[in-house]
Amino acid sequence: MPPKARYTREEISEAAYELVRKYGKDFLTARSLAATLETSTAPIFTAFSSIDEVMESVKERAYALYSEYIAEGLREPIPFKASGLKYIQFAKDEPELFRLLFMGSPEKLPSGDFVPASDGNSSLVQSALEKSWGIDKESAKRIYNHLTIYCHGIAVFIVQQSASFSDEDIDRMLSEVFYALKGETK
């Protein structure tokens with residue numbers, strides 16, 4: 001009978017997640033993970049076929065956390081706006097996980113494509129916009145696309161520490177852009 005594995009797949013994945021969360025995706029190597037676990041690389045490759053597979057488990061966990069932020073926003077009185085604020089809050093709270101999920105090298109979208117479509121939460125967020133504001137599907141899609149780009153820009157500024165915005169400033173800016181896109185002034 002082979003010896004019992006010293007670390008489970010979940011324990012290895014948890015350690016990898018914490019490494020990426022603290023130091024960034026480039027820090028995750030088989031050696032850095034083994035050092036964190038105080039073991040050789042053998043247990044890692046017993047549980048996972050490659051370090052890329054470990055990274056996929058980290059991405060899944062990071063995306064689950066991000067989805068919790070969005071779900072929380074969707075429970076707010078103004079769910080569409082709150083989901084954008086939560087996207088930005090995720091970037092503030094978890095900059096390395098934000099980099100992993102949203103600042104990597106994704107496939108380039110053809111010009112004119114709907115940017116939020118790559119986010120599994122997009123249908124929930126767009127539906128909240130349509131229902132909350134009585135906006136038709138095409139208008140909601142257009143507004144959501146613009147505000148996704150705007151929110152992402154703010155989040156990237158924050159993660160890269162190249163600009164600082166107060167929560168009040170972000171709230172106000174999102175409202176201004178939303179009402180401008182909706183064709184109203186406030």
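## Close-up views of a predicted helical model

**Figure 1. Leu28 and its neighbours in the nonpolar core.** Leu28 touches Ala16, Leu19, Val20, Leu33, Ile51, Val54, Met55 and Val58, leaving aside residues up to four places away in sequence. The model shown here and in the other views is predicted. Leu28 and Leu33 have the most contacts inside the largest nonpolar core, a set of 49 residues. At least two core residues come from each of helices H1 (9-23), H2 (30-37), H4 (51-74), H5 (79-93), H6 (95-102), H7 (122-133), H8 (137-159) and H9 (167-182). H8 gives the most, with 10 residues. In soluble globular proteins, nonpolar side chains tend to be buried together.

**Figure 2. Helix H5 and its cover.** H5 has 15 residues. From first C-alpha to last, H5 reaches 20 Å, close to the 21 Å expected at 1.5 Å a residue. The helix is mostly covered, with 11 of its 15 residues buried. Among the buried residues are Pro79, Phe80, Lys81, Tyr87, Ile88 and Phe90. Their cover includes H4, H6, H7, H8 and H9. Pro77 sits in the loop between H4 and H5. Pro77 is exposed, at a relative accessible area of 75%. From C-alpha to C-alpha, Pro77 and Ala35 are 46 Å apart in space, and they are 42 residues apart in sequence.

**Figure 3. Helix H8 and its two ends.** H8 has 23 residues and reaches 32 Å from its first C-alpha to its last. That is close to the 33 Å expected at 1.5 Å a residue. Buried residues of H8 include Ile143, Tyr144, Asn145, Leu147, Cys151 and Ile154. H5, H6, H7 and H9 are among the elements that cover the buried residues of H8. Asp136 caps the N-terminal end, with a side-chain oxygen 3.2 Å from the backbone nitrogen of Glu138. Just after H8, Gln161 takes a positive phi of about 55 degrees.

Figure 4. The whole structure holds 11 salt bridges. One of them joins the side chains of Asp171 and Lys81, at 2.9 Å from N to O. Asp171 lies in H9 and Lys81 in H5, so the pair ties together parts that are 90 residues apart in sequence. Asp171 is partly exposed, at 31% relative accessibility. Lys81 counts as buried, at 19%, because the cut-off for buried is under 20%. Side chains of opposite charge can pair when their charged atoms come close.

Figure 5. Arg99 and Glu96 are 3 residues apart in H6, about one turn of the helix. Arg99 is partly exposed, with a relative accessible area of 27%. Glu96 is buried, with 18%. In H9, Arg172 and Glu176 are 4 residues apart, separated by about one helical turn. Arg172 and Glu176 form a salt bridge, with the closest N and O atoms 3.3 Å apart. Arg172 is partly exposed, with a relative accessible area of 40%. Glu176 is also partly exposed, with 47%.

**Figure 6. Aromatic pairs involving helix H5.** A search of the whole structure finds 15 aromatic pairs. The ring centres of Tyr66 and Tyr87 lie 6.1 Å apart with planes at 80 degrees, so the pair is edge-to-face. Tyr66 is in H4 and Tyr87 in H5, 21 residues apart, and the pair links distant parts of the chain. Tyr66 is buried, with a relative accessible area of 2%. Tyr87 also counts as buried, at 10% relative accessibility. The rings of Phe80 and Phe178 have centres 6.2 Å apart and planes at 50 degrees, so this pair is tilted. Phe80 lies in H5 and Phe178 in H9, so the pair ties together parts that are 98 residues apart in sequence. Phe80 counts as buried, at 7% relative accessibility. Phe178 is buried, with a relative accessible area of 6%. Ring pairs also link Tyr63, Tyr66, Tyr69, Tyr87, Phe90, Phe98 and Phe102 into a cluster.

Conventions:
Residues are numbered from 1 along each chain as its sequence is written. This is a predicted model: local features need pLDDT of at least 70, side-chain atom pairs count only at pLDDT 80 or more; totals for chains, interfaces and linings use all residues. Side-chain values use heavy atoms; hydrogens and water are left out. A nonpolar core is a set of buried Ala, Val, Leu, Ile, Met, Phe, Trp, Tyr and Cys residues joined through side-chain atoms within 4.5 Å. Buried means under 20% relative accessible area, exposed over 50%, partly exposed in between (1.4 Å probe, protein chains only). Contact means heavy atoms within 4.5 Å. A salt bridge is a side-chain nitrogen of Lys or Arg within 4 Å of a carboxyl oxygen of Asp or Glu. The expected span of a helix is 1.5 Å times one less than its number of residues. A polar contact is a pair of N or O atoms within 3.5 Å; within protein, one must be able to donate a hydrogen and the other to accept it, and residues adjacent in sequence count only if both atoms are side-chain atoms. Rings of Phe, Tyr and Trp (its six-membered ring) pair if their centres lie within 6.5 Å; planes under 30 degrees apart count as stacked, over 60 as edge-to-face and the rest as tilted.
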